[in-house]
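This report describes selected side-chain contacts in a protein model. Please consult the sequence and the structure shown below while reading.

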Amino acid sequence: VANSLVHMYAACALPDLARRLFDEIPRPNLVSWNALLDGYAKCHDLLSARCVFDRMPQRDVVSWSAMIDGCVKCGEHREALALFEMMETTGAGNGVRANDITMVSVLGACAHLGDLGRGRQMHRYLQERGFLLNLRLATSLVDMYAKCGAISEALEVFRAVPVTSTDVLIWNAVIGGLAVHGLTMESVQIFQEMQHSGVVPDEITYLGLLSACVHGGLVGEAWRLFRSLEAQGLRPHVEHYACLVDVLGRAGRLEEAYGVVKSMPMEPNVSVLGALLNACHLHGWVELGEVVGRQLVQLQPDHDGRYIGLSNIYAIARRWQEAKKARKVMEERGVKKIPGFSEIDVGGRLHRFIAHDKAHSGSREIYALLNLITVEMKMKDDVVIPEYFCTYR
């Protein structure tokens, strides 16, 4: 009864009450500890969850899975993978083996990190350990491969699942993956297959399709899908409007995009206004861009990009004083511009770069190779590349 109450409080996102009751149990067993751990993990209190996890007198696969899943939900993906490796080394002696729930979390961590090598390794792990590839695991694999850039492998896993056994989640993973890779027509074709299979699309399906239209610049198809969404009895969310505004804005149909924003049944969020501002910047509609830019600054006064966006709009119109003022206001409010950076995983080690960064030990070779690539892109096919450019191939 006490364990059930701990679980109930944890499930209702009341970890303090769960902890108070747990502390009243004279001899808490493994179920008691797991209920408390899972409660903290689900409430995104990773510090408390880890304290409970470290204090547990014994752990089973439920304990490890709850801790790994908590790390994934809190964005600590590398920590999740480290815990999985720890479970494999320390838990094996106690008979602890990963189950489907563990592997779904681990594949999710690989997907968020874009770690294709680790993802493939986990796929082999599933095969070697004799896991039955149920729908949930197949969906996780499709999602992982798509987010890691291996869309062909994602499709291979998807095609191996009998159509009669599929659900909306795996179709959404494929459609969204194709959309991210700019394969617009392919995502639409998959959607048509989905309709023929009898699986009913949901709001996420249409969001993936609209995202594909943004990448492909398909304005007519975007409108058709948006109307189809409403015709299906589904309610468009602000994210659907953001995609529609984005595709219209990129195509230069700014008045139409602005009309969509004004007709929205909810207040436009930063995604919608950001798409409209980008369109104004791209096509030079300064007057609307100024209004939208000011709205974004009001909505997110601590976001450096909002001031930069407004400043760039003024710069288009050569209103230099106002452009300078927008940046000055940002400084006066104590908002600092966060430099953009890129990350790449090489040999299991993460390398981060910012513009003009020379802190990396291989900077000289990296810049030499970048210069070579630049030269190759600019030179005609019949021009021989000077030998000294080829040093760092």
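## Aromatic pairs

Phe 22 is buried, with a relative accessible area of 4%. Here buried means under 20% relative accessible area, exposed means over 50%, and partly exposed lies in between, with a 1.4 Å probe and protein chains only. The model is predicted, and local features need pLDDT of at least 70, side-chain atom pairs count only at pLDDT 80 or more, while totals for chains, interfaces and linings use all residues. Residues are numbered from 1 along each chain as its sequence is written, and side-chain values use heavy atoms, with hydrogens and water left out.

Rings of Phe, Tyr and Trp (its six-membered ring) pair if their centres lie within 6.5 Å; planes under 30 degrees apart count as stacked, over 60 as edge-to-face and the rest as tilted. By this rule there are eight aromatic pairs. Phe 22 and Trp 33 form an edge-to-face pair, because their ring planes stand at 70°, with the centres 4.9 Å apart. This pair links distant parts of the chain, 11 residues apart: Phe 22 belongs to helix 2 (residues 15-23) and Trp 33 to helix 3 (residues 30-42). Helices (H or I, at least four residues) are DSSP runs, numbered from the N terminus. Trp 33 is also buried, at a relative accessible area of 8%.

## A second pair and a ring cluster

The rings of Phe 53 and Trp 64 have their centres 5.0 Å apart and their planes at 80°, so this pair too is edge-to-face. Phe 53 is in helix 4 (residues 46-55) and Trp 64 in helix 5 (residues 61-73), so the pair ties together parts 11 residues apart in sequence. Phe 53 is buried, with a relative accessible area of 0%, and Trp 64 counts as buried at 3%. Elsewhere, ring pairs join Phe 84, Tyr 125 and Phe 131 into a cluster.

## Charges over rings

A charge sits over a ring if NZ of Lys or CZ of Arg is within 6 Å of the ring centre and within 35 degrees of the ring normal. Arg 59 lies over the face of Phe 53, 4.1 Å from the ring centre. The charged end of Arg 352 is placed over the ring of Phe 341, at 3.9 Å from its centre.

## Salt bridges

Side chains of opposite charge can pair when their charged atoms come close. A salt bridge is a side-chain nitrogen of Lys or Arg within 4 Å of a carboxyl oxygen of Asp or Glu. The structure contains 16 salt bridges. In one of them, the closest N and O atoms of Lys 147 and Asp 143 are 3.3 Å apart. Both residues lie in helix 9 (residues 135-147), four residues apart, about one turn of the helix. Lys 147 is partly exposed at 47% relative accessibility, and Asp 143 is partly exposed at 23%.

Which residue forms a salt bridge with Arg 250? The partner is Asp 246, at 3.0 Å from N to O. Because Arg 250 and Asp 246 are four residues apart in helix 15 (residues 238-250), about one helical turn separates them. Arg 250 is exposed at 52% relative accessibility, whereas Asp 246 is buried at 18%. Glu 256 and Arg 253 also meet in a salt bridge, at 2.7 Å from N to O. Salt bridges that share partners join Glu 290, Arg 294, Arg 319 and Glu 322 into one network.

Definitions and conventions. Helix = DSSP H or I, 4+ residues; strand = E, 2+ residues; numbered from the N terminus.
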